Amino acid sequence: MVVLPNDDVSRQQRRSALHNLNSKAWEGQKNLFQTSKSLDSSLKKNTAFIKRLRTSINADSSNLFLKDISTLSLEKYLSEIISAASEGLGKCRQTSEIWAAVEVISALHQRFSTTFTPALILQLLRGFSGPTKDELSCLNAEQREKEDSSRLVKHRGLFRLLTEFWFCGIARTSEDAKAVADAVATRDNVQKTKKFKDIAESDPLPLEILKELLNTDHKDFFYLALVVSFIKNYGNEFLGLEQKRTERASFNEDGGENAEIVDSNKKEIADLQTLLVPPTVQRKFNKILELYYAALGRYLVSQHKLIKDQEKRNNAAYMRSGEIFEDRQANYDKMLKTEEKMIASAQVLADALGTELPELPEDDPKSSTVQLASFSFSRLSNNSDESESSIWDDDEQKKFYEDITDLRIRVPQEYFEFEKKNMTETEGESNNNNSIVETVFENNEALENIDDFDDHDDFLEDAQSIDDENENLKISNQSIGAQVDAIINRLPDMTTRELVDQIAYDFSFLNSNASRVRLLRSLQSVPKDRPDLIPFYAKLIATLGKYIQAISDPMIKYLQNQFRSLLRRRSGPAGADRHLSEARFRNIWYLSELVKFKIVPNHVVFNCIKLLLDSFGRSEIETLCNLLESCGKFLLRNENTHDTMKTMLDILWKKKSAQNLEARERVLIENAFYLVNPPERPAIVQKTRSVIEQYIRKLIYFDLNKRSYSQVLKQLRKLDWNDKHTCDVVDKVFEKVWKVRYGNVHLLALIASCLMRYHENFSMRLVDSVLEDIRVGLELNLFKYNQQRIAQVKYLGEMYNYKMVVSSVIFDTLYTIVGFGHEGNRPQPGKFVQLDPADDYFRIRLVCTLLETCGGYFSKGSANAKLNLFLSFFQYYVFTKLMPLPMDIEFAFHDLLQMLRPNLKTCSSIEEAAESLTDAMATTFGSLDINKDEDEEDESREVNYDDEIEEDDADVDVAYAAEDLSAHGASEESSNSDSDSDRFDSEYDEDDVQRGRRSDPLEDEEFDRELAKLLSEGLESRKSERRAALDVPLPLIRQQPQPAYSVIDLTNRDKDGDDNLTRDHHSQGPKNMQFRLLTKKGNRQLVHKVDVPVQSSIAVSTRMKQIEAEQERQRIKSYVLNYEKTT
């Protein structure tokens, strides 16, 4: 009775015992296997033994085989026994069967030795031969796969069996079968033996077989499973795995030796393994497997690349057509499955050899970039929060498209299964009850064949028409129908996420076939004047379509068919073309919104892009750009569509470069392209600023407003104005007025005027800088500086309002703006000037801005005459430009004239403007005394400014802050606008303005009190005087205008022309002095002119009185001026 080993110790001990007996049998010793004294040679029992040996070698029959071997006479049947044994051994797969075979073959080997074993080994080695190429060519793929699988199982069993034979000493090397193989006459066997001829005699049989199999298996690694099985079953014996584990376990984590004693059983097993498999043999096995593993690693890397390429091709095919061919998908699945198995097997082999698996190339979504058309498209991972935020513009947009309400939480399940129940109940009438998709698109043929485009989009209504005769689509319950109509009527008011969710919730309880059709009609008919509803309609479809596919699927098909129909249409009349463009825009926007809700499959939108790129006409470019602007960034930043989208963008850019497109079309493409894929820009280097600079910038650029300007002024006065760096910072901040909010420019001018009293050099530098900047802007004339130039001229106007500059500076600037760059500073029509082309109207806007700011104060005195002259000249300049003027420039020009001179006649041609300019110049130069002081101007400015202060509380606050800061060093708010106006009136003085400083408000108040007291005393003293009978004010007599001169005469005069004219006019001398006699006739006063000779006493007396009055006025004036200087 033989007991098969069932643990490692007994197995190794049994191998050792059998190895000793079988080695003795090879040496020729007899009687190693005990047989009966009388052997049975009957044909029946021997034939039964051979038959049983061929079919059933297992653990249950092993004892019976051993008994028959010891009792039967088998010498006459050795050839049959060898053939049957080789066939029976080829069927052994399990461990118990293999060990039973080892016991049986060991018994036969010990009894018959060299007459049996070499032939059996030869037969088993022949089992490793494979089919020829001719045989494989006759098999199809499925048959070949089955044949390879069965052959691998057979080879794996034979290899394990021969390995056990080697352990037990039955098989030694292939040389044992050499003598038997040479005696065989067949050509195939001769060739087979030649393969083992050159193998070294010292190599054991398992090593020779493994070499033969693995050296030819570097193409598809067919025997990788055999290697894995070999490692699992014999890794401890041939590779020393257990010894390696023991060595690793004998050291603790700190690297010192472990104090625990190794189990005695493991030591015994290790000793037996060393006896059976010497270390030299183990090293040979390790060397073979290392070479095989190196080739396997290279194969895995190349195969992984092929799989990735196939995956990309499959994705591209899916994006193009929406499906992948079955054979291609099956091939990909097979490659993927094979790779997974090979990686698992390679992992076992790597663990046995103590190495790591090779790194397989993977696409890194965070860092991989693809260079296409000289642009880089960055792939962003959906797993990172940063990439998700980059897809959407802000968190609100992200919530809108990603936070979809789950209706199952609030709506019972049965409302979503209504359609399924309805189909079950009406199964017998299924032919009449069509689906919604078929119902909505039953007229698609009419849609495809329409040739004429209607202004009312009738072709879209035809696509939405439903057969009215289909009774199944009518809502039988009128109350439900009314509720559905109420929901449909609420759709145009659906402008928030909450309203969308509420409508979806309400409709879920009314879900039916007919209700869905009516809802689809409304969703497909977006009002033409309400394209803003499209995102909310798409969100409603996404919310309902999550559980009601009969909503989303028909809508997608409708938009697809509509897109194809619109794409085939060509432009018609102007009105039809406009309506067609609007229809295309609504369609592509609707589709894009559904794409962002992930309702439209990716292949649908990429198919639309491909169709647009193929046509690439004017209308196709507009539609494509609308699509890219709507969902292009989403497709490029999404991981699933990134590769396809970047390819589409590359094609778009190449087409744009290759074709001769109009400028408008090129701009459309560039805008859409850069919106989807913005160019990379270097990081902005933060400018280093000192603490004081940051503080001053904060005060002026951020804190300054109508309520805080007084505090800002106090802080600025506290600065160290003796520090050069601080002064430079203040100058720079005040000069860059364009960085201040436009509404705060007047506040900046107010603060500058308040600082002018304490820091005169600062005000002079500021004014000079502003004037220089205005002139530099005229010299450069660059569009990017237009906004700065507008702020500068407004700043200058506010400086005049706050008495930092005089009127002559304003008029010089106005004439510089109009005439700079022209020959002689005189614009001429039809003459090209590089700095002021005829089609450049920006100088007109500058003049309008400056006069709108301060022109209201030029209403009296010499400033009034100067402004009249400039307005005439300005009209002449406007007509030197190309006509007609742009609408905004024309409106600004007429608004300026209406504000400053409502009664001024507007010229309609350049000839009329030139004539008006000639008359204005004659009038102005004839009546204007250029040596006259600007008393009237300043007085008018003060009066008008006081009126403005009374109308604007903000200006009242400004005046109060200036006075209070100058008097007490602090500012307080005041609600009494009248008192503020009085303070402001007393604050400024004409001479102070000309000197660039202001008088002390306390001294002004003292002066006003003394003057009022003096006037009141004079009034009291004159009450007792007797009033003359004719003591009435004389009427105002207008002076006669001087002779007019033409524009040519005035412009050609020299600088002393006016003086010469005046001198010639008075050289003759007057002979009479004219008096006016006032008489009264009834209630009517009459004035009579009386000419009196200048030599008469009355004329001489009157002249002397005038001279004395003038002298008195000059004396008082000089006294006041001298008093101011002394104080």
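Is Tyr800 buried or exposed, and what is its relative accessible area? Select Tyr800 and have a look: the residue is buried, with a relative accessible area of 0%. Keep in mind as you go that this is a predicted model.

The structure holds 33 aromatic pairs. For one of them, pick Trp166 and Phe238: their rings sit 5.7 Å apart, centre to centre, with 35° between the planes, which makes the pair tilted. Trp166 belongs to helix 8 (residues 141-167) and Phe238 to helix 12 (residues 224-239), so the pair ties together parts that are 72 residues apart in sequence. Both Trp166 and Phe238 are buried.

Back to Tyr800 and Phe858: their ring centres are 5.1 Å apart and their planes are at 55°, so this pair is tilted. Tyr800 lies in helix 38 (residues 786-801), while Phe858 is in the loop between helix 40 (842-854) and helix 41 (861-878), so parts 58 residues apart in sequence are tied together.

Time for the largest nonpolar core, which has 84 residues. Click Ile700, Phe734, Tyr795 and Phe874, the residues with the most contacts inside that core. A second, separate core of 82 residues includes Ile69, Phe165, Val277 and Ala352.

Last stop: charges over rings. Zoom in on Arg172, whose charged end sits over the ring of Trp26, 4.0 Å from its centre. Then find Lys655 over the face of Phe616, at 5.5 Å from the ring centre.

Conventions: Residues numbered from 1 in each chain as written. Predicted model: local features only at pLDDT ≥ 70, side-chain atom pairs only at ≥ 80, totals over all residues. Heavy atoms only, no water. Core = buried A, V, L, I, M, F, W, Y, C linked by side-chain atoms within 4.5 Å. Buried < 20%, exposed > 50% of the residue type's maximum accessible area, 1.4 Å probe, protein only. Phe/Tyr/Trp six-rings, centres within 6.5 Å; stacked < 30°, edge-to-face > 60°. Helix = DSSP H or I, 4+ residues; strand = E, 2+ residues; numbered from the N terminus. Lys NZ or Arg CZ within 6 Å of the ring centre and 35° of its normal.
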